[in-house]
Each structure stands twice: as structure tokens, then as C-alpha cells.
Amino acid sequence: MKENKFKIVYYFAAYVMLMGITGYLRTSATMPLYLNGSIALITTLLSFLYYNKQSVWKYVLMIWISLNFLMYSYMTLFGVSAHPNPTVGTYLIFGSMAVFSLLTFVMLYKEDNSKQNSSD
């Protein structure tokens, strides 16, 4: 019987895509949709490989998630040149993606450690 586990990385990818759609609706520019859509697609692919193969892909996925956290944190704290006058919505979008990526990283780390402890 296949174990039914909470797959937070898929939720993170869906949230990134949702924020891309939100950015598109706020600005009518397609760039947030393209950028977040491609990040969500890569995240979904890496999470599929991680949840099915679980060899080296967990390290690749954890590096990818940590890079996402660093990128979104930078965009929240220091702004983006494409947003010369950021609004509260800009900070909320980038900040929430940074928090969600940190939460995803922590949960992946805990899931990985609990698997190693149970196999000992």
C-alpha cells in the first residue's frame, strides 16, 4: 500500500504559480506569469523526481528551495528594478513567497531527518 504523505513542495509550486497569476492581474504584464510559471514548473519537476526517486534529487530540491528563499527575500528587502515604486502588495507577494519557501525547506529537512531516524 502506498504511503499517503503531505507533499508540501507541490503546494509551494502551486502557490508560486498563484502569485504569478496575482501579479498578472495586478499589473496586466505577462512577465510575472512567465517567471513564476517557469519557477513553478521547475519546482514541480524537481519535486516529482524527489518524491519518486529520492536519491540525489532531495539535495537538488533543497538547494533549489533555498535559492528561491534567498531570491524572494532579496526582492522583498531590497526591491526590484522593475518596481521602482513598490506597493504593499509587492511586499506581500514577495514576502509571502519567501516565508513559504522557508517553511517548505524546513519541512523537507524534517521529513528527510525523520526518514533517516526511522531507518536506523
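Reply: The chain has four helices and zero strands, counting as helices DSSP runs of H or I with at least four residues and as strands runs of E with at least two, numbered from the N terminus. This is a predicted model, in which local features need pLDDT of at least 70, side-chain atom pairs count only at pLDDT 80 or more, and totals for chains, interfaces and linings use all residues. Residues are numbered from 1 along each chain as its sequence is written, and side-chain values use heavy atoms, with hydrogens and water left out.

The part to look at is helix α1, which covers residues 8-27. Its 20 residues reach 28 Å from the first C-alpha to the last, close to the 28 Å expected at 1.5 Å a residue; the expected span is 1.5 Å times one less than the number of residues. Buried in α1 are Ile 8, Val 9, Phe 12, Ala 13, Val 16, Met 19, Gly 20 and Gly 23 (buried: under 20% relative accessible area, with a 1.4 Å probe and protein chains only). These residues lie on the same side of α1 because they cover an arc of only 150 degrees around the axis, taken from the directions from the helix axis to the C-beta atoms. After α1 comes Ser 28, with a positive phi near 60 degrees.

Helix α1 also packs with helix α3 (residues 57-78), at an angle of about 35 degrees and with the axes 13 Å apart; axes are lines fitted to C-alpha atoms over the stretch in contact, and angles run from 0 to 180 degrees between N-to-C directions. Val 9, Phe 12 and Val 16 of α1 make the contact with Leu 61, Ile 65, Asn 68 and Tyr 72 of α3 (contact: heavy atoms within 4.5 Å).

Technical notes
Buried means under 20% relative accessible area, exposed over 50%, partly exposed in between (1.4 Å probe, protein chains only).
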